[in-house]
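I opened the notebook to look up the fold of one protein. The sequence and structure come first, then my entries.

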Amino acid sequence: DGFVTSYFLKAGFVVGLEPSYRSLEVARRKGPKGNVQFVCADARFIPLRSDSVDKVTVLEVLEHLPVESQQMVCREVDRVLKKGGVLVVTVPYKEEIVYIRCIHCGKLTPLWGHLHSMDEEKVSKLLPPSYVLVAKAHFINLEFILTLGVFHRLPFILWLIINNLFEIIKKGYWILLKYKKC
């Protein structure tokens with residue numbers, strides 16, 4: 001819905017990629033206005049010039065993709081990201097993949113569509129050696145937070161403080177990894 005995109009507008013012009021046309025329309029309608037462009041595209045084929053982007057985020061994507069597609073996304077990110085650029089990745093942290101039986105075909109299928117349990121080592125192995133992990137943070141279950149509409153109105157720094165209080169109670173469900181392309 002453009003919620004995350006609004007945090008990046010302070011950095012300048014933002015391009016939001018979304019493979020689902022319906023989701024893209026929601027983002028265009030509800031999301032931020034101004035220096036943002038929402039593009040219907042697949043992250044395996046980013047429609048941007050090589051070395052044209054200062055920062056890239058890959059949020060809640062890699063765990064859904066087969067390994068070959070994960071590698072394609074990481075190659076595309078590397079292609080468009082400038083040297084010295086920043087890559088931020090979020091994935092569920094060491095998630096236990098749960099399978100349920102599909103009501104349509106009867107086959108076991110992963111709940112939430114998560115094909116992989118991820119951690120910083122698995123994400124780092126997908127990236128070229130020129131990427132250096134510079135920061136990481138654990139977060140509680142973001143879906144829970146986002147369903148509580150009050151968090152949308154809080155300044156991001158306050159949201160992080162609340163998250164850190166939850167972190168004391170339970171290790172984070174999500175991990176955010178920040179890389180620099182050297």
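Among contacts between residues at least 6 apart in sequence, what percentage joins residues at least 24 apart? I found 73% in this protein; contact means heavy atoms within 4.5 Å.

I noted the ground rules next. This is a predicted model, where local features need pLDDT of at least 70, side-chain atom pairs count only at pLDDT 80 or more, and totals for chains, interfaces and linings use all residues. Residues are numbered from 1 along each chain as its sequence is written, and side-chain values use heavy atoms, with hydrogens and water left out.

I looked up the secondary structure. The protein has seven helices and eight strands, taken as DSSP runs (helices H or I, at least four residues; strands E, at least two) and numbered from the N terminus.

I checked burial. Of 182 residues, 35% count as buried (under 20% relative accessible area, 1.4 Å probe, protein chains only). The accessible surface is about 11400 Å², with 61% belonging to carbon and sulfur atoms; the areas come from the Shrake-Rupley method with a 1.4 Å probe.

I traced an open sheet. Four strands run in the order β3-β4-β8-β7, with mixed pairing (strands pair if DSSP finds at least two bridges between them). β3 (53-59) and β7 (131-139) are at the edges with a single partner strand each, so one side of each lacks a neighbour in the sheet. Neighbouring strands are turned by 15° on average, direction ignored.

β7 pairs with β8 (residues 174-181) in the antiparallel sense over eight bridges. Phe-139 has Trp-174 in β8 as its bridge partner.

Last, I placed a helix. α3 (residues 67-80) lies across β3, β4 (81-92), β7 and β8, at about 150° to β4. Axes are lines fitted to C-alpha atoms, for helices over the stretch in contact, and angles run from 0 to 180 degrees between N-to-C directions.

Conventions: Buried < 20%, exposed > 50% of the residue type's maximum accessible area, 1.4 Å probe, protein only.
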